[in-house]
Amino acid sequence: MSDTKHDANGLSFQPPSEVDVEKRKFLIQATAATGAVGVAAVAVPFVGSMLPSERAKAAGAPVEVDISKIEAGSMMTAEWRGQPVWIIHRTEEMLAKLDAHKNQLSDPDLDVPQQPEYCKNKGRAINEKYAVMLGTCTHLGCSPNANFAETADWDGGFVCPCHGSKFDLSGRVFKGSPAPTNLVVPPHQYLTDATLLIGVDKKAEA
């Protein structure tokens with residue numbers, strides 16, 4: 001006896017056998033599984049791209065620096081927000097020179113707010129022994145070179161190799177430099193005499 005059936009339009013068809021039904025179920029399940037894997041493969045990188053990297057999370061975080069090993073007359077470089085931060089251990093002789101060239105500076109009275117209010121002094125510092133400033137020229141963002149050797153017409157400081165901008169040991173810019181303003185002093189505070197925290201200050205914490 002034939003298993004052929006006819007639909008409402010008189011077209012004949014063979015009902016699926018038990019084997020065909022099982023095969024179809026298998027194919028549907030396999031296709032669904034493959035699709036799920038594909039979606040997961042696409043989703044994982046996408047979700048991953050939305051999660052901030054450890055470096056990104058740390059980029060704006062305050063940075064603790066041990067300054068106990070900086071010898072007098074030398075400097076170290078830390079990093080905060082991807083920028084170099086210079087920490088200079090100034091000697092008494094270096095500090096004494098800060099007034100000697102005041103009339104040669106573009107902004108000796110620090111009228112342009114390139115430093116926190118608590119650093120608005122000739123040393124541009126909380127503790128005058130240590131200068132803390134971004135090592136980035138305010139002209140085009142180059143990194144000036146340190147030159148602490150004193151000469152007849154130079155009291156020590158920084159010179160930008162790109163366009164010749166000059167800054168003293170407080171990061172104050174000299175007249176005639178392409179740089180329009182002093183180097184930036186970032187917010188900072190001392191946790192101890194030997195530990196500096198760059199990126200936040202007591203005022204910001206209050």
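Helices (H or I, at least four residues) and strands (E, at least two) are taken as DSSP runs, numbered from the N terminus. The model is predicted, and local features need pLDDT of at least 70, side-chain atom pairs count only at pLDDT 80 or more, and totals for chains, interfaces and linings use all residues. Residues are numbered from 1 along each chain as its sequence is written, and side-chain values use heavy atoms, with hydrogens and water left out.

The protein contains 4 helices and 11 strands. Of its 206 residues, 32% are buried, where buried means under 20% relative accessible area, exposed over 50%, and partly exposed in between (1.4 Å probe, protein chains only). The accessible surface is about 12600 Å², and carbon and sulfur atoms account for 57% of it; areas come from the Shrake-Rupley method with a 1.4 Å probe, and for residues only the protein chains shown count as cover. Contact means heavy atoms within 4.5 Å. Among contacts with a separation of 6 or more, 52% join residues 24 or more positions apart.

A nonpolar core is a set of buried Ala, Val, Leu, Ile, Met, Phe, Trp, Tyr and Cys residues joined through side-chain atoms within 4.5 Å. The largest such core has 13 residues, of which Ile67, Val85, Ile87, Leu196 and Ile198 touch the most other members. At least two residues each are supplied by strands E4 (75–80), E5 (83–89), E6 (130–134) and E11 (195–198), and E6 gives the largest share, 3 residues. Beyond four places in sequence, the contacts of Ile87 include Val65, Ile67, Met75, Tyr130, Leu196 and Ile198. Another core, of 12 residues, lies apart from this one and includes Trp86, Met133, Phe158 and Phe167.

In E6, 5 of 5 residues are buried. Tyr130, Val132 and Leu134 point one way from the strand, while Ala131 and Met133 point the other way. In a regular strand the side chains alternate between the two faces of the sheet. E6 pairs with E5 in the antiparallel sense over 5 bridges, two strands being paired if DSSP finds at least two bridges between them. Ile88 stands opposite Ala131 of E6.

Aromatic rings of Phe, Tyr and Trp (its six-membered ring) pair if their centres lie within 6.5 Å; planes under 30 degrees apart count as stacked, over 60 as edge-to-face and the rest as tilted. By this rule there are 3 aromatic pairs. Trp86 and Phe158 are stacked, at 4.3 Å centre to centre and 15° between the planes. Trp86 lies in E5 and Phe158 in E8 (residues 157–159), so this pair ties together parts 72 residues apart in sequence. Phe148 and Phe158 form an edge-to-face pair, because their centres are 5.7 Å apart and their planes at 85°. Phe158 is buried, with a relative accessible area of 0%, whereas Phe148 is partly exposed at 21%. Trp86, Phe148 and Phe158 form one aromatic cluster.

Two buried polar residues lie in loops. Ser170, between strands E9 (166–168) and E10 (188–192), is buried at 1% relative accessibility. Its side chain makes a polar contact with that of Arg90 (3.0 Å). A polar contact is a pair of N or O atoms within 3.5 Å; within protein, one must be able to donate a hydrogen and the other to accept it, and residues adjacent in sequence count only if both atoms are side-chain atoms. Gln114 is in the loop between helix H3 (92–96) and E6 and counts as buried at 17% relative accessibility. The side chains of Gln114 and Thr181 make a polar contact (3.2 Å).
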